[in-house]
Amino acid sequence: SGMSKEERILDWVKQHAVVGDPQSVVDAMDVYSRQKEWSMHVGDIKGVIVDKVMEEVKPQILLELGTYCGYSAVRMAHLLPPGGHLFTIEFNESFATIAQQVIEVAGLRDKISILKGPSQEIIPQLKKKYEINSVDMVFLDHWKSRYLPDTKLLEENGIIRKGTVLLADNVICPGAPDFLEYVRNSKRYECTTYPVENIRVNDALEKAVFLG
Ligand SMILES: CNc1ncnc2c1ncn2[C@@H]1O[C@H](/C=C/CNC(=O)c2cc(-c3ccc(F)cc3)cc(O)c2O)[C@H](F)[C@H]1O
Ligand SMILES: [Mg+2]
């Protein structure tokens, strides 16, 4: 059966990153994706936009939908303000296991909690089970067809409050048209689009600030 792509990524990180150095983990994953096997991390070009929003928002409580191998979890947790914490939801057990080890290499185990399960089940549990009252920022990067239903779940469960920043990857490619239409036409969101034209593909991140 052989190793999965995600196991090969983890192996590369273990061989090329410096333990306890989150930047070296991010760099190693970017190099692997560029030189060996492309992988669906937010990556180094769009990652700069994620970094900018992190510096702007300085979230104490950050929620990520879709951990995958932990690239964006490491990239964002590295930029959390003191005392900040990242909760990242992942329903694929193999990916969650890989991500946990990537996070270990980065030395960020105390700043990141991987919540294993489907977002649609975990979001309603955030308050009671995980004692999360509300979050300061959400990074959406899971199945694109789930951005809108999960945004509505976050609203209905009172997880997002006035000023919470939603940052969504891939709103152009693969695309999340229903989510875009919703936040851009809703009076309850203030939206900004961050387009990236790079060699491979045109895409954009959407920042939608919840107005309450
Ligand atoms: C639905 N609820 C879920 N709950 C918990 N974990 C989940 C849930 N749903 C998915 N996951 C988890 O979230 C991840 C899913 C990421 C999906 N990402 C992409 O498809 C994606 C695709 C491209 C792409 C671009 C060009 C091209 F030619 C081909 C692909 C680029 C990107 O940046 C992406 O993020 C993980 F895999 C899955 O287990
Ligand atoms: Mg993505």
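1. Starting with the H1/H5 pair: from helix H1 (residues 5-16), Glu-6, Glu-7, Leu-10, Val-13 and Lys-14 meet Phe-95, Ile-98, Gln-101, Val-102 and Val-105 of H5. Contact here is heavy atoms within 4.5 Å, and helices (H or I, at least four residues) and strands (E, at least two) are DSSP runs numbered from the N terminus. Sorted by class, that contact has six nonpolar residues, one polar and three charged; Ala, Val, Leu, Ile, Met, Phe, Trp, Tyr, Cys and Pro count as nonpolar, Asp, Glu, Lys and Arg as charged, and the others, Gly among them, as polar.

2. A word on provenance. This is a predicted model, where local features need pLDDT of at least 70 and side-chain atom pairs count only at pLDDT 80 or more, while totals for chains, interfaces and linings use all residues. Residues are numbered from 1 along each chain as its sequence is written, chains are lettered from A and ligands numbered from 1 in the order in which they are written, and side-chain values use heavy atoms, with hydrogens and water left out.

3. Now the geometry. H1 and H5 pack at about 10 degrees with axes 10 Å apart, and are therefore roughly parallel. The axes of H2 (residues 22-35) and H5 come within 7 Å and cross at roughly 130 degrees, so this pair is oblique. Axes are lines fitted to C-alpha atoms, for helices over the stretch in contact, with angles from 0 to 180 degrees between N-to-C directions; under 35 degrees counts as roughly parallel, over 145 as roughly antiparallel, 65 to 115 as roughly perpendicular and the rest as oblique.

4. What does H2 bring to H5? Pro-22, Val-25 and Met-29 meet Val-102, Val-105 and Ala-106, a contact of six nonpolar, no polar and no charged residues.

5. Val-25 and Met-29 turn up again in the largest nonpolar core, 44 residues, where they and Val-74 have the most contacts. The largest share, eight residues, comes from H5 (residues 93-106). A core is a set of buried Ala, Val, Leu, Ile, Met, Phe, Trp, Tyr and Cys residues joined through side-chain atoms within 4.5 Å; buried means under 20% relative accessible area, exposed over 50%, partly exposed in between (1.4 Å probe, protein chains only). Beyond four places in sequence, Met-29 is in contact with Ile-9, Val-13, His-41, Cys-69, Tyr-71 and Val-102. Apart from this core lies another of 29 residues, including Tyr-147 and Ala-168.

6. On to the metal. The magnesium ion (ligand 2) has Asp-141 (OD), Asp-169 (OD) and Asn-170 (OD1) as protein donors, 2.0 to 2.2 Å away. Donors are N, O and S atoms within 2.8 Å of the metal (3.2 Å for Na, K and Ca); water is not among the atoms, so sites may look incomplete. Along the chain the spacing is D-x27-D-N. Both Asp-141 and Asn-170 are buried, and Asn-170 has a positive phi of about 65 degrees without being a glycine.

7. Helix H8 (147-156) is mostly covered, with seven of its ten residues buried. One of them is Leu-148, at 11% relative accessible area; leaving out residues up to four places away, Leu-148 touches Asp-178, Phe-179 and Tyr-182.

8. Backbone spots to look at: the Cys-173 to Pro-174 peptide bond is cis, omega near 5 degrees, and Pro-174 is in H9. Tyr-68, not a glycine either, has a positive phi of about 55 degrees and is buried at 10%.
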